[in-house]
Structure formats: structure tokens, C-alpha cells
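I opened this entry to look up aromatic contacts. My notes follow the display.

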Amino acid sequence: MKAEKVLGIVACAFACVSLSALANTTNGWFGVSVNDTTVNAGACSVTTNSVAVTSTETAGKIVLDNDLESALTITPGPETAALSDGLVTITSTAVLTPSDASELGAVAGGAQAGFAVAVDNNQTNFYGYASAGGEGGAPDWIQFTTGPANPEADTTFTIAINYRDKKVSFYNGSTLLTDGTSSEFSISNEFVNLSNVAAYGSGSISSVTSQYEVAVAAYDGKKYGSGAEAVKAKGSGSGDIQDIASNGAIAENPLAENGLYAWECDVLGVAKDAKVPFKPAATVNGKITLQIASEIEEGIAATFKVSGDNGATWSESYPSGAIQIPQEQGKYLIKPDQITVAQ
């Protein structure tokens, strides 16, 4: 194998095995790190093939000089991504040996996305692979506008795959990479989940980790990482927003302990076993005026209705910052009416 034709290290997501059916926070999923000469695998299996593991003064590294047939392959356990909403990140710290851009070519084996460093006209740049990113939907290596500050030093990069919308983006550290026009590219419609990550080429890897966004709500068959995302996806559309069951399935909206749907609790910033908190509002309008005391998700508006006869009849709908209650003595119920995108 000629080193000048090696792809560097390409972290690819392959559709080889099926995984179970990704709060805007991510959960640690699986990962690999190196301690001296030991490969530490978390929630995954690692096939090293002929890959060497060496030790440096600061940390161990997986040293690669291989091709696809002998790729380092990291396969997550089949049950770990059940709650994924389809947003997955693969982050690696590695030394990517630059190859010639003309040698990148097509990536075999059903690759969804990948990352490499290559040289074109004496300029070293990052490159991202998108399985449907080229003209006419052909697989494509995208040349980004920047490259590594030092090709011989560690680079931390992330491949962010959105299976929901069949898109992929790439990062160097926290910097979103662009080809000068776009920062989001297409993956093939056939890909619906991450089955494994493969690394091959010339260079070394310090770590590979993957995370997924936890599904909270669903709308129109798609899962979202927060109730707010689902509300925004619905917009003015018809149909109901649904909850996600503990096994990751789209649920039939069983009520939480406080009588609200779980996705409503998420949007309103209320624990599932707690009542919606209220506090006096700034305006009075001749009535007792309350406002919600929890933090509603940004970009979302909520209205409420009031009942003075234990839910037999309800008032008009009030905005969350001006819920009006009669001054007459009595017991009043307050319930969410509409949760929509803020205007």
C-alpha cells in the first residue's frame, strides 16, 4: 500500500447492521480511548484487525497504516440507541495523514459520511464525505475552506449526522466547516441509523466517541429532542404531538403524574410529577392576574384556561403572562390550552 494514496483516517458510518429505533442535550453512547497500550471500549465492540496500539509520553494511540479491508471497526451495542431522535455525532481526536485529493475517490462499503485531510494544488484542507452530497445525488468528497493548523498534530473533528432530514455537517473542534457556500450536505435516503464507525488509512487515533440526542416528543412520525422542536415542526399543521415511551417507541400520550403530557412538561419546564408553578403578574386588570413561574422553552408560546367549577366549564384562553382569575373566593383550576410557536 502506498502511503501517498492513503485516505488519512476516515471515520465512516456504515449501514451494515440494524440498530433499534436522539432536552436538546446529548447522551454518551459509545466510545474508544487508549491508555498506554490498552484499547478501552465503552458500550461497543472493537475489531482492531492488524491495527497497532502504541504508547507515547502523554497518551496511548491507535496507529493505523491500513485500508478498508483491515479497518479499525467500532460497533455499538444494539440496544443503546433506542431513545435516539436521529441526531448522532461521531467525534475523534486523531492525526490525519494528508493524502492527495485526487486519490480520495469513492468510499466503498456503504459509507454514509467520512472525514479526511487532503492536499490539492499544494493546499492542505479538511474534506468531508457525504453519501448523496454530489451533483445529481452522487457520493461526494467536499473540500472545506480550512485545514489543520499542523497536519502532524492531533485534530479533533466531528461528523454530525441528522438521519431525520438525511443531512450531515462537519466540525473542526467547535467550528462548523463550510465549502464556502454550504455547511450542510446530504446523505442517502436509505440510511436511517448508525451501525458502526470505521477508521482506515495512515495516522493515529487517540479517541473516538459517539453521542445521540434523546427523543422527547414526536410529530408526523419523526422524533425530536425537545417538545419545543416538535411544536415548531408542527407549526400550523394538523395532528397531535406525541410522547416517547421508555423503549423509544412513539407513545399514545399517557398522562404524566401531574396530568400533563410528558412533552408539555418539557416545553413548560415542569417536572412530570410537579404542578405548574404560577406567580403574581405585573398587570392586574381588575382581576387576580398570574403568570407561569417556570421557564417556557425559547420560541414557544403557551395559553391557559381557568375553571371555577372543578372543570365543568372553562374561561377564555389567556397568555401565560396574564392568566386572569376572578376575585371571588373559591377554588380555581388552571390548565394549558394551546402550546404553539411564538409569533
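**Aromatic contacts**

I started with F115, which I find buried, with a relative accessible area of 0%. The model is a predicted one, and I read each value below as computed from it.

Which ring does F115 pair with? I looked it up: F115 and F157 form an aromatic pair.

F115 belongs to strand β10 (residues 113-120). F157 belongs to strand β13 (residues 155-162). The two are 42 residues apart, and I note the pair as a link between distant parts of the chain.

I then followed the neighbours. F115, F126, F144, F157, F170 and F185 make up one aromatic cluster.

How many aromatic pairs does the structure hold? I count ten. One of them is W29 with Y212, with ring centres 5.6 Å apart. The planes stand at 85°, so I log this pair as edge-to-face. W29 lies in strand β2 (residues 26-35) and Y212 in strand β18 (residues 202-214). They are 183 residues apart, and this pair also links distant parts of the chain. I find both W29 and Y212 buried.

Last, I looked for a charge over a ring. K335 lies over the face of W314. The distance to the ring centre is 4.4 Å.

Conventions:
Residues numbered from 1 in each chain as written. Predicted model: local features only at pLDDT ≥ 70, side-chain atom pairs only at ≥ 80, totals over all residues. Heavy atoms only, no water. Phe/Tyr/Trp six-rings, centres within 6.5 Å; stacked < 30°, edge-to-face > 60°. Helix = DSSP H or I, 4+ residues; strand = E, 2+ residues; numbered from the N terminus. Buried < 20%, exposed > 50% of the residue type's maximum accessible area, 1.4 Å probe, protein only. Lys NZ or Arg CZ within 6 Å of the ring centre and 35° of its normal.
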